[in-house]
Amino acid sequence: MTDHGLTRRDWLKLGGASLLVAGAATAPGDVFAQDTCQVCNVPADAAPPQKTFELEIGDTSSTFVDGESVNLLAFRLASANGVWKVPGPTLRVTEGMTVRIKITNLRKEMHSFEITGIPQSKTEVAPNCSCWVQFTAPVGGTYIYHDAFANSPLYRLMGLHGVLVVMPLNGVTKKTATNPYPSQTPYSLDTLTTAQRNAITKVFNALGTTDRFLGGAEGKWVPCTDDSDYSFQEKVWVMQAIDPRFQALIVRGQPLMSAPQLTGDIVNNFVPRYFQLNNRSGFDLNQGEDICPDNYIGEPTLIRMVNVGITHHSPHIHGNHVLRLSQANLDPASPDFGKVQVADNIFEVDTWSMWPMERRDILLPFEIPPDIPYKPLLATDPQGLQFDRMVSRQAKEPFPLRYVMHDHCEMATTAGGGNYPQGMVTHWEIMGGLGGRKLQTAQL
């Protein structure tokens, strides 16, 4: 199978070439021999944490869209009653917080932990041992936590990855005569350049206040609460790929099987068979509150998207254009490497790039789709308000309106080695017109 003239393996090499740690070899002798706990406690004089998490590393399994099951490595919260998650639980903190994370390794090989853009978060954890990391939460945005032991993507690809969300200390726009409804944004306005602050402020102030972004005070973005992975106006999409040959090296209760013929050159040997969002693909993505935005007009939804795989993707969405708000700095030569870069010129796009370890925040505005007339075609033609007629059930088009999201890198829309469209394909739904959620809530 080819993709614009490239072979499957060439395509993987192209994606892997942008890796910051492009498949460094994992040395089994070094990895598996370490079985004593190192001293990694937080210093006694460290500031008391304002937010604490306890993560564990262990085993789980997953059944894919074609019925095949594989073993995975996974994170879980120690207090989560044994629920292993791939991706791991979403951790939410606020900018400037002192954050402490305890990582316990229940496996029998060495593992590590780090958060992109936060150097103080790095540690290694020996088998059956625990380590602590402590750091100050950076500026508001989306970050990836993962296992990068031996500077390799191996354990990240096997399931050890998750998202850290940092909410801003001051992300609320100011109330003015022209902006009667102050808006919460995902970013720390005090830390932005003038151009960045102006761009973000204009977008979020426009929500609910224009003919395009309807809704009034209720048409604003509402962030997710600290104790949830997602909400109806905030989703976390983790892009990943699975090569079952690598997953077959995982044996529950045993050290990872040695396979230098695979792990010695991960980028060139890794051939994904499944392309996924949040560890699911195809038909398994047609439902799920963590994935599918299902809102009413005037309920903008933030999608925090990260790519933890080693292949490039190009998500494409139908029905609305999205607003590209921020991305990660992936230039290792930059002093801002790993930091969140808020856009100073916010583009409206229907397709965007996601390189390996890319992090992007995009806003799905939930405006009336541009392919449905919602203004009179002529001043004398009130029936031209097609969307209003649909809402009032005077037209045949039923709600919800469903629009697809798929990958424009066509190979990634497959699963199981070629089943189409069972790969990185999902959808979003418009449940009805403006004010529909309030009406729905009142009827419950």
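Me: How many of the 5 residues of strand β7 (residues 111-115) are buried?

Reply: The general idea is that in a regular strand the side chains alternate between the two faces of the sheet. In this predicted model, 5 of the 5 residues of β7 are buried, so the strand is largely enclosed by the rest of the structure. His111, Phe113 and Ile115 point one way, while Ser112 and Glu114 point the other way, and all are buried.

Me: Which strands pair with β7, and in what sense?

Reply: β7 and β8 are antiparallel and share 4 bridges. Within that pairing, serine 112 has glutamate 124 in β8 as its bridge partner. The two strands form a hairpin with 2 residues between them, and glycine 117 in the turn has a positive phi of about 85°. β7 is also joined by 2 bridges to strand β10 (residues 141-146), again running antiparallel. There, isoleucine 115 stands opposite tyrosine 145.

Me: In what sense, parallel or antiparallel, does β12 run with β15, and in what sense with β13?

Reply: With strand β15 (residues 301-307), β12 runs parallel, and 6 bridges join the two. Valine 238 has valine 306 of β15 as its bridge partner. With β13, the pairing is antiparallel over 4 bridges. In that case glutamine 240 stands opposite glutamine 276.

Me: In what order do the strands of the open sheet containing β14 stand?

Reply: The 4 strands follow the order β14-β22-β21-β16, with mixed pairing. β14 and β16 (315-317) are at the edges and each has a single partner strand, so one side of each is left without a neighbour in the sheet. Between β21 and β22, which run antiparallel, there are 6 bridges. One example is methionine 405, whose bridge partner in β22 is threonine 426.

Me: Which residues of α4 are buried?

Reply: In general, an α-helix has 3.6 residues a turn, so residues three or four places apart point the same way. In α4 the buried residues are Gln196, Ala199, Ile200, Thr201, Val203, Phe204, Asn205 and Ala206. The buried residues of α4 pack against β17 (322-328), β18 (340-342) and β20 (359-364).

Me: What span does α4 reach from its first C-alpha to its last?

Reply: Helix α4 (residues 194-206) has 13 residues and reaches 18 Å, close to the 18 Å expected at 1.5 Å a residue. After the helix comes glycine 208, whose phi is positive, near 80°.

Me: Which residues other than glycine have a positive phi, and are they buried or exposed?

Reply: Two cases may be set side by side. Asparagine 128 has a positive phi of about 55° although it is not a glycine, and it is found in the loop between β8 (118-125) and β9 (129-136). With a relative accessible area of 55%, asparagine 128 is exposed. Asparagine 278 has a positive phi of about 50° and lies in the loop between β13 (274-277) and β14 (294-295). Asparagine 278 counts as buried, at 9% relative accessibility.

Me: Where are cis peptide bonds found?

Reply: One joins valine 86 and proline 87, with omega about -5°. Proline 87 is in the loop between β4 (69-77) and β5 (91-94). Another joins tyrosine 420 and proline 421, with omega about 0°. Proline 421 is placed in the loop between β21 (401-407) and β22 (425-430).

Me: What volume does the second largest pocket have, and which residues are closest to its centre?

Reply: The general idea is that rolling a probe the size of a water molecule over the atoms shows where empty space is left. The second largest pocket has a volume of about 360 Å³. It is lined by 18 residues, of which Tyr296, Val391, Arg393, Met431 and Gly432 are the closest to its centre.

Me: Which helices contribute to the lining of the second largest pocket, and how is that lining divided by class?

Reply: α8 (386-391) and α9 (436-443) each supply at least two residues of the lining. The largest share, 4 residues, comes from α9. By class, the lining of this pocket has 10 nonpolar, 6 polar and 2 charged residues.

Methods:
Residues are numbered from 1 along each chain as its sequence is written. This is a predicted model: local features need pLDDT of at least 70, side-chain atom pairs count only at pLDDT 80 or more; totals for chains, interfaces and linings use all residues. Side-chain values use heavy atoms; hydrogens and water are left out. Buried means under 20% relative accessible area, exposed over 50%, partly exposed in between (1.4 Å probe, protein chains only). On a 1 Å grid over the protein atoms alone, a cavity is a set of points where a 1.4 Å probe fits but cannot get out, and a pocket is an open set with protein on both sides within 12 Å along at least five of seven lines; lining residues have an atom within 4 Å of a point. Grid points are joined across faces, edges and corners, and a volume is the space filled by probe spheres set on the points. Ala, Val, Leu, Ile, Met, Phe, Trp, Tyr, Cys and Pro count as nonpolar, Asp, Glu, Lys and Arg as charged, and the others, Gly among them, as polar. The expected span of a helix is 1.5 Å times one less than its number of residues. Contact means heavy atoms within 4.5 Å. Two strands pair if DSSP finds at least two bridges between them.
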